[in-house]
Amino acid sequence: MIYSFFNNSSMSHVHHFIFPLYISFKLPTDPFISLTDAIIREYPHSHKQLRLFLIFVNLFHALKAVSSYATIVSACRSHVYRQRSCQIISMTDEKSIQAEHVEYIYEESSDKVLKGVSLEVRKGEFVAILGHNGSGKSTLAKLLNALYLPTAGRIIVCGMNTSEDALTWDIRQKAGMIFQNPDNQIVATVVREDVAFGLENMGVPHDEMVRRIDKALEAVHMSERADSAPHMLSGGQKQRVAIAGVLAMEPDIIIADESTAMLDPNGRKEVLDVIHRLNREKGITVVWITHFMEEAAEADRVIVINNGDIALAGTPNEVFSHVDEMHQMHLDVPPMASLANELRNDGMPLPAGILTVDEMTEEVCRLLCPSN
Ligand SMILES: Nc1ncnc2c1ncn2[C@@H]1O[C@H](COP(=O)(O)OP(=O)(O)OP(=O)(O)O)[C@@H](O)[C@H]1O
Ligand SMILES: [Mg+2]
(Lines give C-alpha, C1' and ligand atoms only; values in the text may rest on other atoms or scores of the structure.)
(Ligands and ions follow the chains in the order given, each with its own letter.)
Protein backbone atom coordinates (compact mmCIF):
# COMPACT_ATOMS: atom_id res chain seq x y z
CA MET A 1 0.00 0.00 0.00
CA ILE A 2 2.66 2.49 1.09
CA TYR A 3 4.91 1.36 -1.73
CA SER A 4 2.10 1.73 -4.30
CA PHE A 5 1.17 5.20 -3.05
CA PHE A 6 4.64 6.62 -3.46
CA ASN A 7 5.29 4.75 -6.63
CA ASN A 8 2.13 6.12 -8.27
CA SER A 9 2.42 9.66 -6.96
CA SER A 10 3.97 12.52 -8.85
CA MET A 11 6.68 12.70 -6.17
CA SER A 12 8.31 9.55 -7.53
CA HIS A 13 11.73 10.61 -6.28
CA VAL A 14 10.34 10.77 -2.75
CA HIS A 15 9.94 7.02 -2.51
CA HIS A 16 13.70 6.70 -2.67
CA PHE A 17 13.59 8.23 0.81
CA ILE A 18 10.38 6.86 2.17
CA PHE A 19 10.90 3.28 1.05
CA PRO A 20 14.06 2.59 3.09
CA LEU A 21 12.38 4.20 6.10
CA TYR A 22 9.35 1.98 5.54
CA ILE A 23 11.55 -1.15 5.34
CA SER A 24 13.43 -0.01 8.40
CA PHE A 25 10.23 -0.22 10.44
CA LYS A 26 9.38 -3.63 9.00
CA LEU A 27 12.65 -5.30 9.92
CA PRO A 28 14.53 -5.81 13.15
CA THR A 29 17.86 -4.00 13.33
CA ASP A 30 20.30 -6.73 12.30
CA PRO A 31 18.63 -7.86 9.07
CA PHE A 32 18.00 -4.22 8.17
CA ILE A 33 21.65 -3.33 8.59
CA SER A 34 22.68 -6.38 6.55
CA LEU A 35 20.27 -5.40 3.81
CA THR A 36 21.30 -1.77 3.54
CA ASP A 37 24.95 -2.77 3.84
CA ALA A 38 24.52 -5.15 0.95
CA ILE A 39 22.69 -2.59 -1.20
CA ILE A 40 25.48 -0.11 -0.75
CA ARG A 41 28.14 -2.79 -1.30
CA GLU A 42 26.62 -4.36 -4.39
CA TYR A 43 25.44 -1.15 -6.01
CA PRO A 44 28.11 1.41 -5.20
CA HIS A 45 26.87 3.67 -8.01
CA SER A 46 23.20 3.46 -7.14
CA HIS A 47 21.10 6.59 -6.80
CA LYS A 48 23.11 9.08 -4.74
CA GLN A 49 20.18 10.20 -2.61
CA LEU A 50 19.18 6.62 -1.91
CA ARG A 51 22.70 5.72 -0.81
CA LEU A 52 22.95 8.75 1.47
CA PHE A 53 19.58 8.00 2.96
CA LEU A 54 20.43 4.34 3.53
CA ILE A 55 23.61 5.36 5.32
CA PHE A 56 21.64 7.82 7.44
CA VAL A 57 18.97 5.27 8.40
CA ASN A 58 21.68 2.70 9.02
CA LEU A 59 23.34 5.05 11.49
CA PHE A 60 20.03 5.87 13.09
CA HIS A 61 19.31 2.16 13.56
CA ALA A 62 22.75 1.44 14.93
CA LEU A 63 22.45 4.30 17.41
CA LYS A 64 18.97 3.22 18.40
CA ALA A 65 20.04 -0.40 18.85
CA VAL A 66 23.08 -0.28 21.06
CA SER A 67 24.84 3.02 20.60
CA SER A 68 28.04 1.06 20.45
CA TYR A 69 30.94 2.23 18.35
CA ALA A 70 31.43 -1.28 16.92
CA THR A 71 27.87 -1.48 15.67
CA ILE A 72 28.09 1.90 13.97
CA VAL A 73 31.35 0.96 12.30
CA SER A 74 29.88 -2.30 11.07
CA ALA A 75 26.74 -0.49 9.88
CA CYS A 76 28.80 1.98 7.88
CA ARG A 77 31.00 -0.66 6.37
CA SER A 78 30.48 -0.18 2.68
CA HIS A 79 33.08 -2.38 1.05
CA VAL A 80 33.00 -5.99 2.11
CA TYR A 81 34.21 -8.37 -0.51
CA ARG A 82 33.27 -11.99 -0.28
CA GLN A 83 35.97 -14.44 -1.16
CA ARG A 84 34.82 -17.02 -3.58
CA SER A 85 36.59 -20.36 -3.94
CA CYS A 86 38.27 -21.12 -7.22
CA GLN A 87 37.59 -24.85 -7.22
CA ILE A 88 34.11 -26.14 -6.59
CA ILE A 89 33.29 -29.82 -6.23
CA SER A 90 29.64 -30.35 -7.04
CA MET A 91 27.45 -33.04 -5.54
CA THR A 92 27.04 -36.39 -7.24
CA ASP A 93 24.22 -38.94 -7.51
CA GLU A 94 26.11 -41.25 -5.19
CA LYS A 95 24.32 -41.62 -1.83
CA SER A 96 26.14 -40.67 1.37
CA ILE A 97 23.21 -41.46 3.64
CA GLN A 98 20.08 -43.55 3.22
CA ALA A 99 17.53 -43.83 6.03
CA GLU A 100 14.69 -46.27 5.38
CA HIS A 101 11.53 -46.21 7.54
CA VAL A 102 13.58 -45.46 10.62
CA GLU A 103 11.90 -45.60 14.01
CA TYR A 104 13.44 -44.92 17.38
CA ILE A 105 12.18 -45.46 20.94
CA TYR A 106 14.24 -44.42 23.98
CA GLU A 107 14.55 -47.15 26.60
CA GLU A 108 13.01 -44.95 29.26
CA SER A 109 9.75 -44.48 27.34
CA SER A 110 7.42 -46.39 25.05
CA ASP A 111 6.77 -43.50 22.63
CA LYS A 112 8.25 -43.52 19.16
CA VAL A 113 10.51 -40.47 18.91
CA LEU A 114 11.07 -41.14 15.19
CA LYS A 115 8.11 -42.57 13.32
CA GLY A 116 9.33 -44.09 10.07
CA VAL A 117 11.75 -41.46 8.72
CA SER A 118 13.02 -42.09 5.18
CA LEU A 119 15.56 -39.80 3.57
CA GLU A 120 18.57 -39.75 1.28
CA VAL A 121 21.54 -37.41 1.25
CA ARG A 122 23.70 -37.30 -1.87
CA LYS A 123 27.48 -37.15 -1.76
CA GLY A 124 28.60 -33.52 -1.66
CA GLU A 125 25.14 -32.24 -0.71
CA PHE A 126 24.55 -29.63 2.02
CA VAL A 127 21.30 -30.55 3.78
CA ALA A 128 19.83 -28.43 6.56
CA ILE A 129 17.49 -30.05 9.09
CA LEU A 130 14.92 -27.85 10.82
CA GLY A 131 12.33 -28.70 13.44
CA HIS A 132 10.73 -27.39 16.59
CA ASN A 133 12.22 -28.35 20.00
CA GLY A 134 11.79 -32.05 20.69
CA SER A 135 10.85 -32.93 17.11
CA GLY A 136 13.63 -35.56 16.90
CA LYS A 137 16.53 -33.81 15.12
CA SER A 138 19.28 -34.76 17.58
CA THR A 139 17.98 -38.30 17.81
CA LEU A 140 18.21 -38.55 14.03
CA ALA A 141 21.75 -37.09 14.03
CA LYS A 142 22.91 -39.66 16.58
CA LEU A 143 21.36 -42.46 14.51
CA LEU A 144 23.27 -41.25 11.43
CA ASN A 145 26.51 -41.44 13.38
CA ALA A 146 25.74 -44.91 14.83
CA LEU A 147 25.63 -43.49 18.37
CA TYR A 148 22.10 -44.94 18.46
CA LEU A 149 20.74 -47.87 16.45
CA PRO A 150 17.27 -47.77 14.87
CA THR A 151 14.50 -49.62 16.71
CA ALA A 152 13.05 -50.39 13.28
CA GLY A 153 14.13 -49.63 9.70
CA ARG A 154 17.76 -49.21 8.66
CA ILE A 155 20.39 -46.57 8.03
CA ILE A 156 23.16 -46.90 5.45
CA VAL A 157 26.11 -44.50 5.75
CA CYS A 158 28.64 -44.59 2.89
CA GLY A 159 27.39 -48.07 2.02
CA MET A 160 27.63 -49.37 5.62
CA ASN A 161 24.63 -50.48 7.68
CA THR A 162 24.83 -48.75 11.08
CA SER A 163 23.31 -51.81 12.76
CA GLU A 164 26.40 -53.90 12.01
CA ASP A 165 28.55 -53.71 15.15
CA ALA A 166 31.78 -54.39 13.30
CA LEU A 167 31.30 -51.24 11.19
CA THR A 168 30.59 -48.77 14.02
CA TRP A 169 34.07 -47.21 14.10
CA ASP A 170 34.34 -47.03 10.32
CA ILE A 171 30.98 -45.26 10.23
CA ARG A 172 32.02 -42.76 12.92
CA GLN A 173 35.23 -42.04 11.02
CA LYS A 174 33.28 -41.49 7.77
CA ALA A 175 30.55 -39.39 9.44
CA GLY A 176 32.05 -37.04 12.03
CA MET A 177 29.85 -35.10 14.42
CA ILE A 178 30.12 -31.62 15.90
CA PHE A 179 27.87 -30.69 18.78
CA GLN A 180 26.38 -27.53 20.22
CA ASN A 181 28.65 -26.65 23.12
CA PRO A 182 32.26 -25.96 22.03
CA ASP A 183 33.54 -26.43 25.60
CA ASN A 184 32.20 -29.98 25.88
CA GLN A 185 34.15 -31.04 22.80
CA ILE A 186 37.60 -29.95 23.92
CA VAL A 187 39.52 -32.79 25.57
CA ALA A 188 43.15 -31.59 25.57
CA THR A 189 45.06 -28.60 26.93
CA VAL A 190 46.72 -27.72 23.60
CA VAL A 191 44.88 -27.22 20.30
CA ARG A 192 47.18 -29.56 18.35
CA GLU A 193 46.69 -32.36 20.92
CA ASP A 194 42.95 -31.88 20.81
CA VAL A 195 42.91 -32.38 17.04
CA ALA A 196 45.14 -35.45 17.52
CA PHE A 197 42.71 -37.11 19.94
CA GLY A 198 40.65 -39.10 17.41
CA LEU A 199 43.74 -40.06 15.41
CA GLU A 200 45.47 -41.46 18.49
CA ASN A 201 42.44 -43.64 19.15
CA MET A 202 42.62 -44.88 15.56
CA GLY A 203 46.31 -45.76 15.96
CA VAL A 204 47.47 -43.52 13.07
CA PRO A 205 51.33 -43.48 12.78
CA HIS A 206 53.06 -40.36 14.16
CA ASP A 207 54.23 -38.79 10.86
CA GLU A 208 50.85 -39.31 9.24
CA MET A 209 49.23 -37.83 12.35
CA VAL A 210 51.33 -34.65 12.15
CA ARG A 211 50.50 -34.26 8.44
CA ARG A 212 46.77 -34.66 9.05
CA ILE A 213 46.70 -32.27 12.03
CA ASP A 214 48.53 -29.53 10.10
CA LYS A 215 46.23 -29.97 7.11
CA ALA A 216 43.08 -29.94 9.26
CA LEU A 217 44.12 -26.82 11.19
CA GLU A 218 45.02 -25.08 7.95
CA ALA A 219 41.60 -25.93 6.48
CA VAL A 220 39.83 -24.18 9.37
CA HIS A 221 42.34 -21.28 9.42
CA MET A 222 43.63 -22.18 12.89
CA SER A 223 47.27 -23.08 12.07
CA GLU A 224 48.54 -20.06 13.99
CA ARG A 225 46.79 -21.24 17.15
CA ALA A 226 48.08 -24.85 16.95
CA ASP A 227 50.07 -24.47 20.19
CA SER A 228 47.53 -22.33 22.07
CA ALA A 229 45.46 -23.42 25.03
CA PRO A 230 41.88 -24.07 23.84
CA HIS A 231 40.37 -22.19 26.78
CA MET A 232 42.01 -19.00 25.44
CA LEU A 233 40.03 -19.25 22.19
CA SER A 234 36.69 -17.68 21.30
CA GLY A 235 33.61 -19.88 20.89
CA GLY A 236 33.89 -19.74 17.10
CA GLN A 237 37.59 -20.69 17.24
CA LYS A 238 36.82 -23.62 19.58
CA GLN A 239 34.17 -24.88 17.15
CA ARG A 240 36.70 -24.61 14.33
CA VAL A 241 39.13 -26.72 16.39
CA ALA A 242 36.32 -29.27 16.87
CA ILE A 243 35.81 -29.26 13.08
CA ALA A 244 39.57 -29.77 12.61
CA GLY A 245 39.38 -32.78 14.96
CA VAL A 246 36.69 -34.27 12.72
CA LEU A 247 38.53 -33.31 9.52
CA ALA A 248 41.73 -35.01 10.67
CA MET A 249 39.80 -38.28 10.50
CA GLU A 250 39.30 -37.55 6.76
CA PRO A 251 35.52 -37.93 6.86
CA ASP A 252 33.10 -38.01 3.92
CA ILE A 253 30.29 -36.49 5.98
CA ILE A 254 30.06 -33.84 8.72
CA ILE A 255 26.94 -33.89 10.90
CA ALA A 256 26.56 -30.69 12.92
CA ASP A 257 23.91 -30.53 15.65
CA GLU A 258 23.21 -26.84 16.29
CA SER A 259 26.92 -26.10 16.20
CA THR A 260 26.41 -22.34 15.96
CA ALA A 261 23.69 -22.09 18.63
CA MET A 262 26.01 -20.92 21.41
CA LEU A 263 28.13 -18.58 19.31
CA ASP A 264 28.00 -14.82 18.81
CA PRO A 265 27.30 -13.54 15.25
CA ASN A 266 31.01 -13.42 14.36
CA GLY A 267 31.60 -16.96 15.63
CA ARG A 268 28.56 -18.21 13.76
CA LYS A 269 29.77 -16.68 10.53
CA GLU A 270 33.31 -18.09 10.98
CA VAL A 271 32.00 -21.61 11.53
CA LEU A 272 29.42 -21.49 8.75
CA ASP A 273 31.97 -20.08 6.27
CA VAL A 274 34.39 -22.90 7.09
CA ILE A 275 31.71 -25.58 6.68
CA HIS A 276 30.49 -24.16 3.37
CA ARG A 277 34.08 -24.00 2.09
CA LEU A 278 34.75 -27.62 3.09
CA ASN A 279 31.53 -28.62 1.33
CA ARG A 280 32.41 -26.72 -1.86
CA GLU A 281 36.11 -27.36 -2.08
CA LYS A 282 36.50 -30.83 -0.59
CA GLY A 283 33.07 -32.17 -1.53
CA ILE A 284 32.31 -33.07 2.09
CA THR A 285 28.63 -33.92 2.60
CA VAL A 286 27.06 -31.76 5.32
CA VAL A 287 24.02 -32.44 7.50
CA TRP A 288 23.42 -29.14 9.27
CA ILE A 289 20.86 -29.11 12.10
CA THR A 290 19.89 -25.58 13.00
CA HIS A 291 17.28 -23.27 14.47
CA PHE A 292 18.57 -20.37 12.32
CA MET A 293 16.42 -20.03 9.20
CA GLU A 294 18.98 -17.91 7.38
CA GLU A 295 21.52 -20.77 7.75
CA ALA A 296 19.01 -23.22 6.27
CA ALA A 297 18.37 -20.78 3.41
CA GLU A 298 21.96 -21.35 2.25
CA ALA A 299 21.65 -25.15 2.07
CA ASP A 300 21.13 -27.19 -1.11
CA ARG A 301 18.10 -28.82 0.48
CA VAL A 302 16.03 -28.36 3.65
CA ILE A 303 14.29 -31.15 5.56
CA VAL A 304 11.74 -30.17 8.20
CA ILE A 305 11.12 -32.70 10.97
CA ASN A 306 7.90 -32.41 12.92
CA ASN A 307 6.82 -34.74 15.69
CA GLY A 308 9.22 -37.52 14.64
CA ASP A 309 8.52 -37.49 10.92
CA ILE A 310 9.46 -35.50 7.82
CA ALA A 311 6.91 -32.74 7.27
CA LEU A 312 8.52 -30.81 4.40
CA ALA A 313 11.54 -31.34 2.18
CA GLY A 314 12.89 -29.53 -0.84
CA THR A 315 15.06 -26.60 -1.88
CA PRO A 316 15.05 -23.64 0.54
CA ASN A 317 12.86 -21.78 -1.94
CA GLU A 318 10.30 -24.56 -1.95
CA VAL A 319 10.27 -25.17 1.80
CA PHE A 320 10.15 -21.50 2.84
CA SER A 321 7.26 -20.81 0.47
CA HIS A 322 5.09 -22.88 2.89
CA VAL A 323 4.89 -19.92 5.27
CA ASP A 324 1.64 -20.97 6.98
CA GLU A 325 2.70 -24.62 7.45
CA MET A 326 6.01 -23.48 8.88
CA HIS A 327 4.20 -21.22 11.35
CA GLN A 328 1.88 -24.08 12.33
CA MET A 329 4.99 -26.11 13.21
CA HIS A 330 6.19 -23.14 15.31
CA LEU A 331 8.91 -22.40 12.81
CA ASP A 332 9.73 -19.09 11.22
CA VAL A 333 10.91 -18.30 7.71
CA PRO A 334 14.09 -16.26 6.97
CA PRO A 335 13.63 -12.52 7.62
CA MET A 336 13.99 -11.65 3.92
CA ALA A 337 11.33 -14.21 2.89
CA SER A 338 8.96 -12.79 5.46
CA LEU A 339 9.75 -9.18 4.46
CA ALA A 340 9.24 -10.03 0.77
CA ASN A 341 5.89 -11.57 1.66
CA GLU A 342 4.78 -8.45 3.51
CA LEU A 343 5.99 -6.13 0.78
CA ARG A 344 4.18 -8.18 -1.85
CA ASN A 345 1.00 -7.88 0.25
CA ASP A 346 1.59 -4.11 0.26
CA GLY A 347 1.64 -4.09 -3.55
CA MET A 348 5.36 -4.20 -4.27
CA PRO A 349 5.96 -6.40 -7.34
CA LEU A 350 8.67 -8.62 -5.85
CA PRO A 351 9.11 -12.10 -7.35
CA ALA A 352 8.63 -15.28 -5.27
CA GLY A 353 11.59 -17.08 -3.77
CA ILE A 354 13.52 -14.21 -2.16
CA LEU A 355 15.39 -15.68 0.80
CA THR A 356 18.67 -13.88 1.25
CA VAL A 357 19.85 -10.32 1.73
CA ASP A 358 21.61 -10.56 -1.65
CA GLU A 359 18.43 -11.60 -3.45
CA MET A 360 16.44 -8.84 -1.72
CA THR A 361 19.15 -6.30 -2.56
CA GLU A 362 19.03 -7.19 -6.22
CA GLU A 363 15.24 -6.95 -6.43
CA VAL A 364 14.95 -3.75 -4.37
CA CYS A 365 17.65 -2.05 -6.42
CA ARG A 366 16.03 -3.24 -9.65
CA LEU A 367 12.78 -1.55 -8.59
CA LEU A 368 14.23 1.60 -7.03
CA CYS A 369 17.13 2.26 -9.38
CA PRO A 370 16.16 0.64 -12.69
CA SER A 371 18.99 2.43 -14.51
CA ASN A 372 21.69 0.58 -12.50
N1 LIG B 1 17.70 -39.78 26.54
C2 LIG B 1 16.39 -39.63 26.31
N3 LIG B 1 15.48 -40.40 26.95
C4 LIG B 1 14.15 -40.27 26.72
N5 LIG B 1 13.63 -39.38 25.87
C6 LIG B 1 14.48 -38.58 25.21
C7 LIG B 1 15.90 -38.65 25.38
N8 LIG B 1 16.49 -37.73 24.59
C9 LIG B 1 15.48 -37.11 23.94
N10 LIG B 1 14.29 -37.60 24.31
C11 LIG B 1 12.98 -37.18 23.80
O12 LIG B 1 12.93 -37.45 22.41
C13 LIG B 1 12.26 -36.41 21.72
C14 LIG B 1 13.16 -35.88 20.62
O15 LIG B 1 14.30 -35.29 21.23
P16 LIG B 1 15.48 -34.67 20.38
O17 LIG B 1 16.55 -34.26 21.34
O18 LIG B 1 15.86 -35.61 19.30
O19 LIG B 1 14.76 -33.40 19.75
P20 LIG B 1 15.40 -32.14 19.00
O21 LIG B 1 14.58 -31.94 17.78
O22 LIG B 1 16.86 -32.32 18.83
O23 LIG B 1 15.08 -30.97 20.01
P24 LIG B 1 15.92 -29.61 20.29
O25 LIG B 1 15.56 -28.65 19.18
O26 LIG B 1 15.39 -29.14 21.60
O27 LIG B 1 17.37 -29.93 20.32
C28 LIG B 1 11.87 -35.36 22.77
O29 LIG B 1 10.55 -35.58 23.13
C30 LIG B 1 12.79 -35.68 23.93
O31 LIG B 1 12.17 -35.36 25.14
MG1 LIG C 1 18.52 -31.28 19.52
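Alanine 244 touches Val195, Ala216, Leu217, Val220 and Met222, leaving aside residues up to four places away in sequence; two residues are in contact if their C-beta atoms, placed from the backbone, lie within 7 Å. This is a predicted model, in which local features need pLDDT of at least 70, side-chain atom pairs count only at pLDDT 80 or more, and totals for chains, interfaces and linings use all residues. Residues are numbered from 1 along each chain as its sequence is written, while chains are lettered from A and ligands numbered from 1 in the order in which they are written. The protein chain holds 17 helices and 10 strands; helices (H or I, at least four residues) and strands (E, at least two) are DSSP runs, numbered from the N terminus.

**The chain as a whole**

- Of the 372 residues in the protein chain, 40% are buried; a residue is buried if 20 or more other C-beta atoms lie within 10 Å of its own, exposed if 12 or fewer, and partly exposed in between, with C-beta atoms placed from the backbone.
- Taking contacts between residues at least 6 apart in sequence, 65% join residues at least 24 apart.

**Alanine 244 and helix α11**

- Alanine 244 is found in helix α11.
- Alanine 244 counts as buried because 27 other C-beta atoms lie within 10 Å.
- Leucine 217 is 27 residues from alanine 244 along the chain, and their C-alpha atoms are separated by 5.6 Å.
- Helix α11 covers residues 235–247, and its 13 residues should span 18 Å at 1.5 Å a residue; the end C-alpha atoms are 18 Å apart, which agrees. The expected span is 1.5 Å times one less than the number of residues.
- In α11, 12 of the 13 residues are buried, so that the helix is mostly covered.
- The buried residues of α11 include Gly236, Lys238, Arg240, Ile243 and Leu247.
- The partners of these buried residues are β6 (175–178), α8 (182–185), α9 (191–202), α10 (206–219), β7 (253–257) and α12 (265–282).

**Helix α9 and its packing on α11**

- Two packed helices are described by the angle between their axes and the distance between the axes.
- The axes of α9 and α11 are 7 Å apart, and the two helices pack at an angle of about 40°. Axes are lines fitted to C-alpha atoms, for helices over the stretch in contact, and angles run from 0 to 180 degrees between N-to-C directions.
- Helices α9 and α11 are therefore oblique to each other; angles under 35 degrees count as roughly parallel, over 145 as roughly antiparallel, 65 to 115 as roughly perpendicular and the rest as oblique.
- The crossing of α9 past α11 is right-handed. A crossing is left-handed if the near helix is turned anticlockwise from the far one by less than a right angle, and right-handed if clockwise.
- From α9, Val191, Asp194, Val195, Phe197 and Gly198 meet Val241, Ala244 and Gly245 of α11.
- The residues of this contact divide into 5 nonpolar, 2 polar and 1 charged. Ala, Val, Leu, Ile, Met, Phe, Trp, Tyr, Cys and Pro count as nonpolar, Asp, Glu, Lys and Arg as charged, and the others, Gly among them, as polar.
- Val191, Arg192, Asp194, Val195, Ala196, Gly198 and Leu199 are the buried residues of α9, and they pack against α10 and α11.
- After α9 comes glycine 203, with a positive phi near 75°.

**Helices α16 and α17**

- Helix α16 (residues 335–345) and helix α17 (residues 357–368) have axes that come within 9 Å and cross at roughly 30°.
- The two helices are therefore roughly parallel to each other, and α16 passes α17 in a left-handed crossing.
- Met336, Leu339 and Ala340 of α16 make the contact with Val357, Glu359 and Met360 of α17.
- The contact has 5 nonpolar residues, no polar ones and 1 charged.

- Cysteine 158 lies in the loop between β4 (152–157) and β5 (160–161). Its phi is near 45°, a positive value in a residue other than glycine.
- Cysteine 158 counts as partly exposed, with 19 C-beta neighbours inside 10 Å.
- Asparagine 307 sits in the loop between β9 (301–306) and β10 (309–314), and its phi, near 50°, is positive in a residue other than glycine.
- Asparagine 307 has 15 other C-beta atoms within 10 Å and is therefore partly exposed.
- Glutamate 325 belongs to helix α15 (residues 323–328) and is partly exposed, with 14 other C-beta atoms within 10 Å.
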